[in-house]
Amino acid sequence: MSLSTRGEALLPQADDHLPSAHTYDRKTNPGGLIAPAYAINETVSPDLAAFAKNVTIKPEHFTFHWPANGGPGLRPALATHLNDSFHPHTSVNADHIVIGEGATSILEILAFALMSPGDGLLLSRPIYNGYSRDFTARAGARVCFANTDAEDSLHPEALVATFEKTLARYREKGVQIRAVLIANPNNPLGRCYPRDTLLAIARFCQKHNLHFLSDEIFGATAFGDNLSSLNKHTTTPFTSLFSLPLSSPDSPIDPKLCHVIYGLAKDFGAAGLRIGALISQSNPALLASARAMLRFHDVSGPSVAIATAMLEDRDWCRQYLDKTRTGLAKAYEHATAGLENIGVDYVRGGGAGFFVFIDLSPYLAHSSDSEVGPFREEEQGPSAAEVALVRKMIDNGLYLAPRGESYSKPGWFRFVFSHEPHVIDEALRRLSKTISP
C-alpha cells in the first residue's frame with residue numbers, strides 16, 4: 001500500500017544517507033567517525049548522571065495524570081530559573097508556561113496555534129535548518145527567508161530593512177506572514193542579539209501585527225564573561241526578549257505578540273529528558289491552545305521528576321551553569337585557535353552556544369553550484385559540491401552536515417566545539433587533511 005502524500009513528504013532525502021553517527025573513541029575506536037555537527041554538550045553528561053542518581057522516582061511519576069504539563073512542580077521551578085537567569089522586565093510565573101516534549105514540540109505547537117496551512121514564518125539567515133521541518137512537516141506553514149548574511153542578520157537597521165522587503169515580496173505572492181522567529185543566541189553564529197536589534201524587531205512586528213518568537217534555548221550558555229581578555233571585548237551579552245519593557249506604557253510591542261521558547265537540551269545538556277517550554281506572559285488564548293495539544297506532546301513522569309529536582313536545587317543549578325560556561329569558553333578558544341592554525345576562516349565574535357560557523361567554500365570543487373548565485377527564497381538542500389566535500393571528509397573520518405544551517409552562501413558549516421579537547425584536536429587534524437591540496 002502506498003503512503004499518503006504527507007507520508008511520502010517525510011521520507012529521507014538522498015543526502016540523509018551519508019554516514020553521520022559519532023563513533024569515535026580515543027581508546028576503543030580511534031578510527032571511528034568524529035561528528036562535530038550536532039549541537040550537544042556531552043562533556044556535562046557525567047554531572048547530570050550523578051545528579052539524577054539522587055532523584056527519587058516515586059510510583060506516581062509513572063501514572064498518566066501526574067506529569068501532565070510538567071506536573072505540580074516543574075513550571076514553578078522553571079519560572080524561578082528564568083527569573084534568576086534571564087532577568088525579565090516582568091517576572092515569569094507558572095501560569096505563563098506550558099511544558100511540552102522538547103523545544104521542537106513547542107515550535108510545532110506554535111505553528112499549529114498561530115498559523116494556518118500556507119501561512120508564513122519570517123526568518124533571517126544564517127539560521128538553524130531544523131526550523132523548516134518544525135513548522136512545515138506537519139503544520140503546513142511556509143518558511144520565508146530574508147536575504148541576510150552573517151553580519152547584517154544581527155544589525156538592527158539592516159535586518160529590519162530586509163524584513164520589510166521580504167514581507168512585501170511574500171504579500172505580493174499572497175502569502176500571509178504571521179510571525180518572526182529568531183534564535184537568540186543565534187544558531188549557528190554563536191552570537192547574541194543586541195538589545196537594539198530586539199527592539200527593532202519588536203517595532204517591526206508591532207507595525208505589521210506579527211508574533212515575535214524568540215528561541216532562547218541557548219540563553220544561559222552565554223560565556224562572553226568567561227573568555228580571555230583577548231576575546232571578551234568582541235562579544236555581546238545575552239538579552240532575553242522578556243527583559244524588554246513589554247509591560248510598560250512605552251513598550252515597543254503589544255506583549256500578547258511576544259513568546260519565548262525554552263528547554264533543557266542546551267543550557268543543561270539534557271536533551272534526553274525531552275523538556276521544552278512555551279512562555280507567553282500576556283496571551284492566555286495561546287497558552288490554552290497549546291495545552292490542548294499536549295495530548296500529542298506531553299513529557300514522561302521520570303523526566304519531569306528529574307527536571308523539577310534540577311531546577312528546584314538553585315545552588316546546584318548556578319554552580320552547574322557556571323561550570324558549563326567556563327568549559328564552553330575554554331573549548332571555544334581552543335577550537336578557534338585550532339581553526340586559525342589550519343587556515344579555516346569563521347565568524348568572529350562568538351560568545352554563546354556550542355558552535356562556530358566556518359567557511360569551507362574555498363575548498364568546494366569548482367562547479368556552477370559551488371558559487372554564490374541568485375538569492376533562493378526556499379531552502380534547496382545541499383549542492384553537489386557541498387555533498388562531495390562532505391564525502392571527502394567522511395573518507396577522512398569526519399562528518400559536518402551539508403546545509404545543516406540555512407544560508408544563501410554555499411560552503412558554510414556549523415562546527416561544534418563542545419567536546420573534549422583531544423576530540424577537537426583530532427577533528428581538526430582530519431579537517432586539515434581533507435582540505436589540504
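# Strands 10 and 12

Strand 10 (residues 355–359) and strand 12 run antiparallel, and five bridges join them. Strands here are DSSP runs of E with at least two residues, helices are runs of H or I with at least four, and both are numbered from the N terminus. Two strands count as paired if DSSP finds at least two bridges between them. V356 stands opposite F415 of strand 12. F357 has R414 of strand 12 as its bridge partner.

This is a predicted model, in which local features need pLDDT of at least 70 and side-chain atom pairs count only at pLDDT 80 or more, while totals for chains, interfaces and linings use all residues. Residues are numbered from 1 along each chain as its sequence is written, and side-chain values use heavy atoms, with hydrogens and water left out.

Strands of a sheet pair through backbone hydrogen bonds, either parallel or antiparallel.

Is strand 12 enclosed or open to the outside? Five of its five residues are buried, so strand 12 is largely enclosed by the rest of the structure. Buried means under 20% relative accessible area, exposed means over 50%, and partly exposed lies in between (1.4 Å probe, protein chains only). In a regular strand the side chains alternate between the two faces of the sheet. Both faces of strand 12 are covered. W412, R414 and V416 are buried on one side, and F413 and F415 are buried on the other.

Another open sheet has seven strands in the order 1-8-7-6-5-2-4, with mixed pairing. Strand 1 (97–100) and strand 4 (142–145) stand at the edges with a single partner strand each, so one side of each has no neighbour in the sheet. From one strand to the next, the twist averages 25 degrees.

Strand 5 (residues 177–183) and strand 6 (residues 211–215) run parallel, joined by five bridges. L181 stands opposite L213 in strand 6. Helix 3 (residues 74–86) packs on the sheet and touches strand 1, strand 7 (258–263) and strand 8 (276–279). The direction of helix 3 makes about 110 degrees with that of strand 1. Axes are lines fitted to C-alpha atoms, for helices over the stretch in contact, and angles run from 0 to 180 degrees between N-to-C directions.

# Two buried residues

T166 is in helix 6 (residues 156–172). T166 is buried, with a relative accessible area of 1%. A polar atom of its side chain lies 2.8 Å from the backbone oxygen of T162. Leaving aside neighbours within four places in sequence, T166 is in contact (heavy atoms within 4.5 Å) with L122, F145, A146 and N147.

I275 sits in the loop between strand 7 and strand 8. I275 is also buried, with a relative accessible area of 7%. Which residues does I275 touch, not counting those up to four places away in sequence? Among them are L74, G100, G263 and V299. I275 and S105 are 170 residues apart in sequence, yet 9.4 Å apart in space, C-alpha to C-alpha.

# Aromatic rings and charges

The structure holds 16 aromatic pairs. Rings of Phe, Tyr and Trp (its six-membered ring) pair if their centres lie within 6.5 Å; planes under 30 degrees apart count as stacked, over 60 as edge-to-face and the rest as tilted. The ring centres of F163 and F204 are 5.4 Å apart and their planes are at 35 degrees, so this pair is tilted. F163 lies in helix 6 and F204 in helix 7 (residues 195–208), so the pair ties together parts that are 41 residues apart in sequence. Both F163 and F204 are buried.

The rings of F268 and Y320 have centres 5.9 Å apart and planes at 10 degrees, so this pair is stacked. F268 lies in the loop between strand 7 and strand 8 and Y320 in helix 11 (residues 314–341), so the pair ties together parts 52 residues apart in sequence. F268 and Y320 are both buried. With F51 and W316, they form one aromatic cluster.

Charges also sit over rings: NZ of Lys or CZ of Arg must be within 6 Å of the ring centre and within 35 degrees of the ring normal. The charged end of R125 sits over the ring of F145, 4.0 Å from its centre. K173 lies over the face of Y170, at 5.2 Å from the ring centre.

How values were computed:
Polar contact = N/O pair within 3.5 Å; in protein donor to acceptor, adjacent residues only side chain to side chain.
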